[in-house]
Amino acid sequence: MAMGIQEAFVTCMKKYATFSGRATRSEYWWFALCEILILGVASMLSDNLTGLVALALLLPAVAVGARRLHDIGRSGWWLLVALVPFVGGLVVLYWTVLPSQAGANAFGEPAA
């Protein structure tokens, strides 16, 4: 089910610390776009504000990333691959663009 930008951002903020369940591609990518736009506006205003906003959006971003990986049948712990220099981020980027898998996610929860 495709989400709009506002719906995706509100959903991710409501589930800011929910690491179980699934996130569709549209939910993940709309939230990522919102995060970039908000950080861009904050950086034009103040460096301190940018740091605070980045810190405030860190947990929701990790949570939606974990839920996105659950949607393709991987554990959210695979997000740690992004910490590997050069290739880690590319691997996670590839995983986030894959289509959803039918069935249960990595933790045996029912499909959404």
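A disulfide is a pair of cysteine sulfur atoms within 2.5 Å. By this rule, the count for this predicted model comes to 0 disulfides. The points below begin with the cysteines and then turn to the helices, the cores and a loop residue.

**Cysteines**

- The closest cysteine sulfur to that of Cys-12 belongs to Cys-34, and at 8.9 Å it is too far for a bond.
- Cys-34 is likewise in no disulfide, since the nearest cysteine sulfur, that of Cys-12, is 8.9 Å away and a disulfide requires sulfur atoms within 2.5 Å.
- Cys-12 counts as buried because its relative accessibility is 0%, where buried means under 20%.
- Cys-34 is also buried, with a relative accessible area of 13%.

**Packing of α1 and α2**

- Two packed helices are described by the angle between their axes and the distance between the axes.
- Helix α1, residues 5-14, packs with helix α2, residues 25-45, at an angle of about 90 degrees, and their axes are 8 Å apart.
- This angle makes α1 roughly perpendicular to α2.
- On the α1 side, the contact is made by Ile-5, Ala-8, Phe-9, Thr-11, Cys-12 and Met-13.
- On the α2 side, the contributors are Ser-26, Glu-27, Trp-30, Phe-31, Leu-33, Cys-34 and Ile-38.
- Sorted by class, the contact of α1 with α2 has 10 nonpolar, 2 polar and 1 charged residues.

**Nonpolar cores**

- In soluble globular proteins, nonpolar side chains tend to be buried together.
- The largest nonpolar core holds 8 residues: Cys-12, Ala-23, Tyr-28, Phe-31, Ala-42, Val-53, Leu-57 and Val-64.
- Helices α2 and α3 (47-71) each supply at least two residues of this core.
- Ala-42, a member of the largest core, is in contact with Leu-49, Thr-50 and Val-53, leaving aside its neighbours within four places in sequence.
- Another core, of 5 residues, lies apart from the largest one; among its members are Leu-69, Val-81, Val-92 and Trp-95.

**A positive phi at Phe-86**

- Most residues other than glycine have a negative phi.
- Phe-86 has a phi near 70 degrees, a positive value in a residue other than glycine.
- Phe-86 is placed in the loop between α3 and α4 (87-97).
- Is Phe-86 buried or exposed? Phe-86 counts as exposed because its relative accessibility is 80%, and exposed means over 50%.

Conventions. Residues numbered from 1 in each chain as written. Heavy atoms only, no water. Buried < 20%, exposed > 50% of the residue type's maximum accessible area, 1.4 Å probe, protein only. Axes fitted to C-alpha atoms, helices over the stretch in contact; angles between N-to-C directions. Helix = DSSP H or I, 4+ residues; strand = E, 2+ residues; numbered from the N terminus. Parallel < 35°, antiparallel > 145°, perpendicular 65-115°, else oblique. Contact = heavy atoms within 4.5 Å. Nonpolar A, V, L, I, M, F, W, Y, C, P; charged D, E, K, R; others polar. Core = buried A, V, L, I, M, F, W, Y, C linked by side-chain atoms within 4.5 Å.
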